[in-house]
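Welcome! Please keep the picture open as you read.

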Amino acid sequence: MAGAERVRVGVIGLGIGKNHAKRFAENPRAELVALADLNPALLTEWGDTLKVDPARRHASGEELIAAGGLDAVCVATPNKFHAPLTEAALEAGLHVVCEKPMAMTVAEARSMRDAARTAGRNLMINFSFRFSDMSFALKQQVDAGTIGPIYFGRTVWHRRRGIPKFGGWFGNRELSGGGPLIDLGVHRMDLALWLMGHPQPVNVCGATYDVIGRRLASEQDKHFSVEDLACGIIRFANGAALLVEASWAVHNQHPEEMITQLYGERGGLVQRNLEGTYKFEAELYTEEGGNFFTKRLDKALKPAPASMDEFIASILEDRPPLATADDGVRVQQIINALYESAATGREVRIEP
Ligand SMILES: NC(=O)c1ccc[n+]([C@@H]2O[C@H](COP(=O)([O-])OP(=O)(O)OC[C@H]3O[C@@H](n4cnc5c(N)ncnc54)[C@H](O)[C@@H]3O)[C@@H](O)[C@H]2O)c1
């Protein structure tokens with residue numbers, strides 16, 4: 001779309017999607033044209049707030065796509081609908097930004113990626129934890145060689161209690177594809193893989209548990225058919241290994257614990273949240289002239305784009321977005337291999 005002034009966008013799903021709709025409405029390079037949600041109250045509330053023409057407030061994502069008049073859509077529905085809506089939009093010639101996780105299965109993720117290639121349209125996955133000034137500053141350090149080649153890491157998101165919308169779609173395997181691994185672990189894995197330069201995963205060994213979720217579901221008579229904790233080790237073709245841990249409910253100190261630690265040949269890095277909050281700190285550990293140094297990031301001076309702004313920029317600049325469908329497929333391969341490993345008790349190979 002080089003030369004075009006503004007990208008006409010529709011947003012499907014107004015949970016987290018309402019934030020994306022707001023961002024498009026604020027972006028001078030985008031025009032928020034249409035909204036869709038199955039819930040009419042949400043549609044009216046956000047249609048009115050964001051001044052969307054009532055004729056462009058649609059009762060489903062399928063209807064929004066069929067109505068035309070758009071260049072791009074944002075898919076922010078429960079996970080089960082990511083693949084069908086993304087493919088329908090790509091087939092209609094639209095660029096797509098799809099929420100994480102990309103899909104529920106590797107077959108779906110590959111099919112979405114291939115549909116984008118065939119359509120010649122951008123497919124971005126909203127791995128939003130990359131899009132912070134701090135994450136960009138760390139990536140800059142890694143790319144500059146400060147910590148050298150990375151051979152080991154640990155990437156974690158634990159919640160003491162925080163099963164999203166307990167009893168709803170997040171805890172229903174048919175609609176979500178899994179629990180905290182596919183919901184939270186996906187973010188921390190993407191961040192680690194991005195910093196590591198996207199090595200090719202070759203095998204995964206993992207375990208999952210549902211001890212607390214199952215008990216709470218039984219006490220409160222709610223549906224819960226996914227794990228409440230997942231852990232595993234991923235090995236890569238370049239010899240590196242990454243530990244992943246994710247939970248929605250675990251007996252831990254803080255309400256939220258997020259940490260990504262990477263160890264390289266010349267140094268290490270950590271990005272962690274502070275005291276259970278969504279505020280983060282970052283440090284680098286190096287050895288220079290026979291001495292150990294700790295470097296704390298005081299302030300990242302280069303602003304990172306918001307992920308939805310990056311999506312719009314990638315379309316107008318005719319270039320791939322920063323978080324691609326290939327990145328989504330790779331994370332999906334790891335997630336599904338870890339689930340398979342947990343179910344079978346065996347290491348699972350990942351084919352490139
Ligand atoms: N990147 C992030 O940090 C982040 C944060 C939150 C959620 N998410 C992801 O966003 C997605 C949505 O999560 P949520 O928390 O907003 O869920 P939600 O349940 O709050 O909202 C989903 C909305 O989609 C609507 N919907 C369902 N099917 C639809 C269809 N066919 N057409 C139109 N609307 C439809 C529902 O009515 C609902 O309002 C999930 O994939 C989740 O993993 C990502």
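Helix H6 covers residues 133–143, and its buried residues are Met-134, Ser-135, Ala-137, Leu-138, Lys-139 and Val-142. Please keep in mind that this is a predicted model.

- Just after H6 comes Gly-145, which takes a positive phi of about 90°.

**Helix H5**

- Which residues of H5 are buried? They are Val-106, Ala-109, Met-112, Arg-113, Ala-115 and Ala-116.
- You can check the length of H5 yourself: its 14 residues (106–119), at 1.5 Å a residue, should span 20 Å. The end C-alpha atoms of H5 are 20 Å apart, so the model agrees with that expectation.
- Just after H5, Gly-120 has a positive phi of about 65°.

**Backbone details in the loops**

- Lys-100 and Pro-101 are joined by a cis peptide bond, with omega at about -15°. To find Pro-101, look in the loop between S5 and H5.
- Lys-165 is not a glycine, yet it has a positive phi of about 45°. Its place is the loop between strand S7 (150–159) and helix H7 (173–176).
- Is Lys-165 buried or exposed? Its relative accessibility is 59%, so Lys-165 counts as exposed, the cut-off being over 50%.
- His-198 also has a positive phi, of about 55°, although it is not a glycine. His-198 sits in the loop between helix H8 (180–196) and strand S8 (201–209).

**A closer look at Leu-43**

- Leu-43 belongs to helix H2, which covers residues 40–49.
- The relative accessible area of Leu-43 is 9%, and because buried means under 20%, this residue counts as buried.
- What does Leu-43 touch, leaving aside residues up to four places away in sequence? Its contacts are Leu-14, Leu-35, Ala-36, Asp-37, Arg-57, His-58 and Ala-59.
- Leu-43 and Ala-304 are 261 residues apart along the chain, and their C-alpha atoms are separated by 30 Å.

**The whole protein**

- How many helices and strands does the protein have? There are 11 helices and 15 strands.
- The radius of gyration is 20 Å, close to the 20 Å that the globule rule gives for 352 residues, so the protein is as compact as a globular protein of that length.
- Taken along the principal axes, the C-alpha atoms fill a box of roughly 65 × 55 × 40 Å.
- Of the 352 residues, 55% are buried.
- Among contacts with a separation of 6 or more, 68% come from residues 24 or more positions apart.
- The accessible surface is about 15300 Å², and carbon and sulfur atoms hold 52% of it.
- The protein carries 39 positive and 44 negative side chains, and the centres of these two sets lie 2 Å apart.

Conventions. Residues numbered from 1 in each chain as written. Predicted model: local features only at pLDDT ≥ 70, side-chain atom pairs only at ≥ 80, totals over all residues. Heavy atoms only, no water. Helix = DSSP H or I, 4+ residues; strand = E, 2+ residues; numbered from the N terminus. Expected span 1.5 Å × (residues − 1). Buried < 20%, exposed > 50% of the residue type's maximum accessible area, 1.4 Å probe, protein only. Rg over C-alpha atoms; globule rule 2.2 N^0.38 Å. Contact = heavy atoms within 4.5 Å. Areas by Shrake-Rupley, 256 points an atom, 1.4 Å probe, with all protein chains shown as cover. Lys, Arg positive; Asp, Glu negative; His and termini not counted. Charge placed at Lys NZ, Arg CZ, Asp CG, Glu CD.
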